[in-house]
Every structure is written in C-alpha cells, then in structure tokens.
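Let's take a friendly walk through this structure together. Have your viewer open, and we will begin with a charged pair.

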Amino acid sequence: MFFLEILAFSLIPSFSLRLSRFISLFDKPDKNLKDHKNIIPYSGGLIFLFSSILYLIIHGFNLTLFCCIVISLLGLIDDKYGLPISIRLIGELGISGILVNHFYGFENIYLFLPLVILGGLLINAANFIDIKDGLLTSYFICIVIATLNADLIRDQNLLNYLFFIAISFIYFFFKNVKPAKTYLGDGGAYAFGMILFILFLQAFELDKTLSYENIF
C-alpha cells in the first residue's frame, strides 16, 4: 500500500499540468512583473489540491489538512478569475482563525489575534517569494526534509502528509525552475504558506494564558 501511495502521488504533478492546460489556467505575460514571453500554466495549486484530497480519502478527514484544501481553492480561484484583495484577505484570516482556534482555542484574544495575523502574513510572504522561478518550491522541499528529520512535530499524520506532498513536488520543481514550464500560482503559494503556519502552530507550545498584563 505504501508504494502504491508513492506511485499515486508521483503521478499527480503530470496530471495537474495537463489539467491546468485543459482548463486554461494560465499566467499571461504583461509589462509589469510578468516578463516571461509565453503563457505559463499554473499547476502548483492543483497539485496541492489533488494531493490533499487523495491523502484525506486514504487516511480519513483531518481539519488541519482540510484547511490546506480550502486555501488552495481560494488561490486557484484567484489564479483563474482574479479576486479582490479584500476577499482574499478575509479568506486567509478566516482560515487562519479556524486553525488557531483548533490548536489554542478562541478564549484568549491576546494569543488568538496575533496568531491569526501571523497566518495571513505567512501566506502572503510565500506568495511574494514565488515571484522567482523555482525558489519557493525549493524552500518548500527543504523545509519538508528538515521537518521530517527534526523532532519538532509529534503529529505523525501531518508528517506522512508532508512526505507525500514532497514527492509530488520533486517532479514539479524541475518544471518550475528557470525557464519555468509551470508555476505554483496563488493556489500553490497560499497552500505553502498555510503549511508553514501549521508547522509553527504545532512546533511551538505557546502559553495559552498569555495576557495583556503578562506582556506589559
């Protein structure tokens, strides 16, 4: 079963690339930031989407990973149709809030709000890094490898998920480096930022009693 899973996750990048072309999920050049000459398909978000769905089908529902699916969908919709900044921000902060509540609860506002804002910052920071071909993908693979070899995360289910996601993105990396044949897009970059946020929430046991008096 383990090797069948590896095979399945290895096939997802090729399928996602073909699908992105079929549904015309493209990044078109312009005169500002997008200086590439040809239209480039966005397949990174589809890889995250299908890999996450496949993992949940095999291993059962998990709220943390479901949030990765939702944020990836938000990015894919933005890639395809373009969303107002306000809608994207509400979505990012809303999903971050669900995760913070899942790990730490909603009761302590001095802990809840800063963490929600951090989630939004990490998502947008990842999207900013994606402007350079292959850079964000290489960061992601390196972080996954470091996480799998470090004793910071106790959630074996999350570690297994990261392992299979990394397998999918190894193939993608060679298509993403310059000259890029495919991009992560917002769908992929948002999901990467969300995974960074999840790793932060799981790796650091923050003081749930944090209050205004304790800070000042």
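Start at Asp-78, which counts as buried at 10% relative accessibility; buried means under 20% relative accessible area, exposed over 50% and partly exposed in between, using a 1.4 Å probe and protein chains only. Before going further, note that this is a predicted model, in which local features need pLDDT of at least 70 and side-chain atom pairs count only at pLDDT 80 or more, while totals for chains, interfaces and linings use all residues. Residues are numbered from 1 along each chain as its sequence is written, and side-chain values use heavy atoms, with hydrogens and water left out.

What does Asp-78 form a salt bridge with? The partner is Arg-88, and the closest N and O atoms are 3.8 Å apart. A salt bridge here is a side-chain nitrogen of Lys or Arg within 4 Å of a carboxyl oxygen of Asp or Glu. Asp-78 lies in helix α3 and Arg-88 in helix α4, so the pair ties together parts that are 10 residues apart in sequence. Helices are DSSP runs (H or I, at least four residues), numbered from the N terminus. Arg-88 is buried too, with a relative accessible area of 19%. By this rule, the count comes to 1 salt bridge.

Both partners also meet Tyr-190, a residue of helix α8 that is buried with a relative accessible area of 0%. Setting aside residues up to four places away in sequence, Tyr-190 touches Asp-78 and Arg-88, and its other contacts include Ile-71, Glu-92 and Asn-127; contact means heavy atoms within 4.5 Å. Tyr-190 and Gly-120 are 70 residues apart in sequence, yet their C-alpha atoms are 9.5 Å apart in space.

Now turn to the largest nonpolar core, which has 56 residues. Such a core is a set of buried Ala, Val, Leu, Ile, Met, Phe, Trp, Tyr and Cys residues joined through side-chain atoms within 4.5 Å. Phe-48, Phe-140, Tyr-161 and Met-194 have the most contacts inside it. Not counting residues up to four places away in sequence, Phe-48 touches Phe-140 and Tyr-161, along with others including Ser-72 and Ile-195.

Phe-48 is one of the buried residues of α2, and what covers those residues includes α1, α3, α6, α7 and α8. How far should α2 span? At 1.5 Å a residue, its 16 residues should span 22 Å, and the end C-alpha atoms are 22 Å apart, which agrees; the expected span is 1.5 Å times one less than the number of residues. After α2 comes Gly-60, with a positive phi near 95 degrees.

Key
Helix = DSSP H or I, 4+ residues; strand = E, 2+ residues; numbered from the N terminus.
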